[in-house]
Amino acid sequence: MSRLSPLNQRRWRNFKSNRRAYWSLWIFSVIFGLSLFAEVIANDKPILVQYRGEYFTPITNFYPETAFGGDFKTEAVYSDPVVQCLIRSGGLEICFDTPEEVIAQISSGVFDPETPGFEKGWALWPLIPYSYDTSVERPGAAPLPPNAQNWLGTDDTKRDVLARVIYGFRLSIVFTIIVTTLSSLLGIFAGAVQGFFGG
């Protein structure tokens, strides 16, 4: 604050005296700051995966299903129970038959850790396990109401509304900042040219 001119210091004090505007600035700044990390908050890929002693970062890198013991060389679908089972079990072939059962046994601790080939792994998921274009698997006709799975419900094509709001907010604000900056620079340039040639 000491670097501001006396006039700007006075303007800042006047702004702070308006409590609604002051707290709105802070709330907006926090929400915008969080939206810059949208991929870490809302994503259909894990942030970090530990598989057979190695670490993978799916939100920033491409990994085929074969990297986790699967059959396909296309990108792993991390929401698929088979892929989740392969990660949790270290790539056991039984995951291709009864993945949900194996996951439940590992989670409850009744799975035999001495099983040949078993090596416990894990995946760290974002707070919202959906991206802006992820289709939600929920029974019922879209749009669906809010619940514990989708905090703001889904849209007419069963995409998570909260994830779309986070990504959309970031896009809108970044676009606004870019347009405002460019229009200001263009306006300053045009005004300077007019002032110079217009006397």
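# Notebook: helices and loops

**Entry 1: F189 and its helix.** I began with F189, which I found in helix α6. Helices here are DSSP runs of H or I with at least four residues, strands are DSSP runs of E with at least two, and both are numbered from the N terminus. I noted that the model is a predicted one, in which local features need pLDDT of at least 70 and side-chain atom pairs count only at pLDDT 80 or more, whereas totals for chains, interfaces and linings use all residues. Residues are numbered from 1 along each chain as its sequence is written, and side-chain values use heavy atoms, with hydrogens and water left out.

Is F189 buried or exposed? I read a relative accessible area of 57%, so F189 is exposed; the cut-offs are under 20% for buried, over 50% for exposed, and in between for partly exposed, with a 1.4 Å probe and protein chains only. I also compared F189 with V30: the two are 159 residues apart in sequence, and their C-alpha atoms are 33 Å apart in space.

**Entry 2: the span of α6.** Helix α6 covers residues 161-198, which is 38 residues, and at 1.5 Å a residue it should span 56 Å. The expected span is 1.5 Å times one less than the number of residues. I found the end C-alpha atoms 53 Å apart, which agrees with that expectation.

At the N-terminal end of α6 I found D160 as a cap, with a side-chain oxygen 3.3 Å from the backbone nitrogen of L162.

**Entry 3: the buried side of α6.** Which residues of α6 are buried? I listed L162, A163, I166, Y167, R170 and I173. An α-helix has 3.6 residues a turn, so residues three or four places apart point the same way. The buried residues of α6 pack against α2 (19-35) and α3 (38-41), where contact means heavy atoms within 4.5 Å.

I then looked at how α2 and α6 meet: they pack at an angle of about 110°, with their axes 9 Å apart. Axes are lines fitted to C-alpha atoms, for helices over the stretch in contact, and angles run from 0 to 180 degrees between N-to-C directions. That makes α2 roughly perpendicular to α6, since 65 to 115 degrees counts as roughly perpendicular, under 35 as roughly parallel, over 145 as roughly antiparallel and the rest as oblique. The contact is formed by F28, I31, F32 and S35 from α2, together with I166, F169, R170, I173, V174 and I177 from α6. By class these residues are 8 nonpolar, 1 polar and 1 charged, where Ala, Val, Leu, Ile, Met, Phe, Trp, Tyr, Cys and Pro count as nonpolar, Asp, Glu, Lys and Arg as charged, and the others, Gly among them, as polar.

**Entry 4: S35.** S35 is buried, with a relative accessible area of 3%, and a polar atom of its side chain lies 2.7 Å from the backbone oxygen of F32. Leaving out residues up to four places away in sequence, I found that S35 touches I166, F169 and R170.

**Entry 5: α1 on α2.** Helix α1 (residues 6-17) packs against α2 at an angle of about 95°, with the axes 5 Å apart, and the two are therefore roughly perpendicular to each other. W12, F15, K16 and S17 of α1 meet R19, A21, Y22 and L25 of α2.

**Entry 6: loops.** Where does P46 lie? I found P46 in the loop between α3 and β1, buried at 1% relative accessibility. P46 is 13 residues from I59 in sequence, and their C-alpha atoms are 6.5 Å apart in space.

I also noted a cis peptide bond joining A142 and P143, with omega about -5°; P143 sits in the loop between β3 (122-124) and α6. The loop between β3 and α6 also holds K158, which has a positive phi near 60° though it is a residue other than glycine, and K158 is buried at 19% relative accessible area. R52 is not a glycine either and has a positive phi of about 50°; R52 is partly exposed, with a relative accessible area of 37%.

Methods:
Polar contact = N/O pair within 3.5 Å; in protein donor to acceptor, adjacent residues only side chain to side chain.
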